[in-house]
Amino acid sequence: MIFKKTTVSGDDIIVELEGSLSGDESAAELQQILDELEQSGQNHIILNFLKVPAINSSNLGKLFLFFNKVKNTGRSLKIRGCSEALYKTFQLIEMENHIPYEREAG
């Protein structure tokens, strides 16, 4: 199960996720969160994955598709904050070539 905390600050919406994004049930939960973000009015979407220990390829694909949707509407998506394991995964797949991310949440 994924837990989320959403903070809106001006044109930014920050979503802090907690829980693994590697199980079958996480796919539907993540899609619901991304759908809600797509409908939000903020132009800058920031995802905090500091408390996400793992992500599977299906959920990575959802992030890539969502990034393209957001980008095509003139909005931005950034990952700010990721766990040590997730950071290593992002480095391995060269995530910086697809979605901007920072290891620290601050």
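This is a predicted model: local features need pLDDT of at least 70, side-chain atom pairs count only at pLDDT 80 or more; totals for chains, interfaces and linings use all residues.
Reader: How do you know that the reach of H2 is close to what is expected?

Author: H2 runs over residues 57-72, which makes 16 residues, and the distance from its first C-alpha to its last is 23 Å, to be set against the 22 Å expected at 1.5 Å a residue. H2 is followed by Gly74, a residue with a positive phi, near 80°.

Reader: Why is Asn59 called buried?

Author: Asn59, which is found in helix H2, has a relative accessibility of 0%, and since buried means under 20%, Asn59 counts as buried. Leaving out residues up to four places away in sequence, Asn59 touches Leu21, Ser22, Ser26, Ala27 and Leu30.

Reader: Why are H1 and H2 called roughly parallel to each other?

Author: The two helices pack at an angle of about 10°, with their axes 10 Å apart; angles under 35 degrees count as roughly parallel, and H1 and H2 are therefore described in that way. In this contact, Ser26, Ala27, Leu30, Gln31, Leu34, Leu37 and Glu38 of H1 meet Asn59, Lys62, Leu63, Phe66 and Lys69 of H2. Sorted by class, the residues of the contact are 6 nonpolar, 3 polar and 3 charged.

Reader: Which residues of H1 are buried, and what do they pack against?

Author: The buried residues in H1 are Ser26, Ala27, Glu29, Leu30, Ile33, Leu34 and Leu37, and the buried residues of this helix pack against strand E1 (3-9), strand E2 (12-18), E3 and H2. H1 has 16 residues and reaches 24 Å from its first C-alpha to its last, which is close to the 22 Å expected at 1.5 Å a residue.

Reader: What makes Asp35 partly exposed?

Author: Asp35 lies in helix H1 and has a relative accessible area of 35%; with buried set at under 20% and exposed at over 50%, this value makes Asp35 partly exposed. Its C-alpha atom is separated by 8.7 Å from that of Phe66, although Asp35 and Phe66 are 31 residues apart along the chain.

Reader: Why does Ile55 count as buried?

Author: The relative accessibility of Ile55 is 13%, and the cut-off for buried is under 20%, so Ile55 counts as buried. Ile55 has its place in the loop between E3 and H2. With residues up to four places away in sequence not counted, Ile55 touches Leu21, Ser22, Leu60, Leu63 and Leu86; of these, Ser22 is 33 residues apart from Ile55 in sequence and 4.6 Å apart in space, C-alpha to C-alpha.

Reader: Why is Met1 called exposed?

Author: Met1, in the segment before E1, has a relative accessible area of 61%, and exposed means over 50%, so Met1 is called exposed. Met1 and Glu29 are 28 residues apart in sequence, and their C-alpha atoms are 7.7 Å apart in space.

Reader: How do you know that Asp11 is partly exposed?

Author: Asp11 has a relative accessible area of 34%, which falls between the limits of 20% for buried and 50% for exposed, and Asp11 is therefore partly exposed. Asp11 lies in the loop between E1 and E2 and touches Gly41, Gln42, Asn43 and His44, residues up to four places away in sequence not being counted.

Reader: What makes Glu94 partly exposed?

Author: For Glu94 the relative accessible area is 44%, and as exposed begins over 50% and buried under 20%, Glu94 is partly exposed. Glu94 lies in the loop between H3 and strand E5 (101-102), and although Glu94 is not a glycine, it has a positive phi of about 55°.

Notes
Residues are numbered from 1 along each chain as its sequence is written. Side-chain values use heavy atoms; hydrogens and water are left out. Helices (H or I, at least four residues) and strands (E, at least two) are DSSP runs, numbered from the N terminus. The expected span of a helix is 1.5 Å times one less than its number of residues. Axes are lines fitted to C-alpha atoms, for helices over the stretch in contact, and angles run from 0 to 180 degrees between N-to-C directions. Angles under 35 degrees count as roughly parallel, over 145 as roughly antiparallel, 65 to 115 as roughly perpendicular and the rest as oblique. Contact means heavy atoms within 4.5 Å. Ala, Val, Leu, Ile, Met, Phe, Trp, Tyr, Cys and Pro count as nonpolar, Asp, Glu, Lys and Arg as charged, and the others, Gly among them, as polar. Buried means under 20% relative accessible area, exposed over 50%, partly exposed in between (1.4 Å probe, protein chains only).
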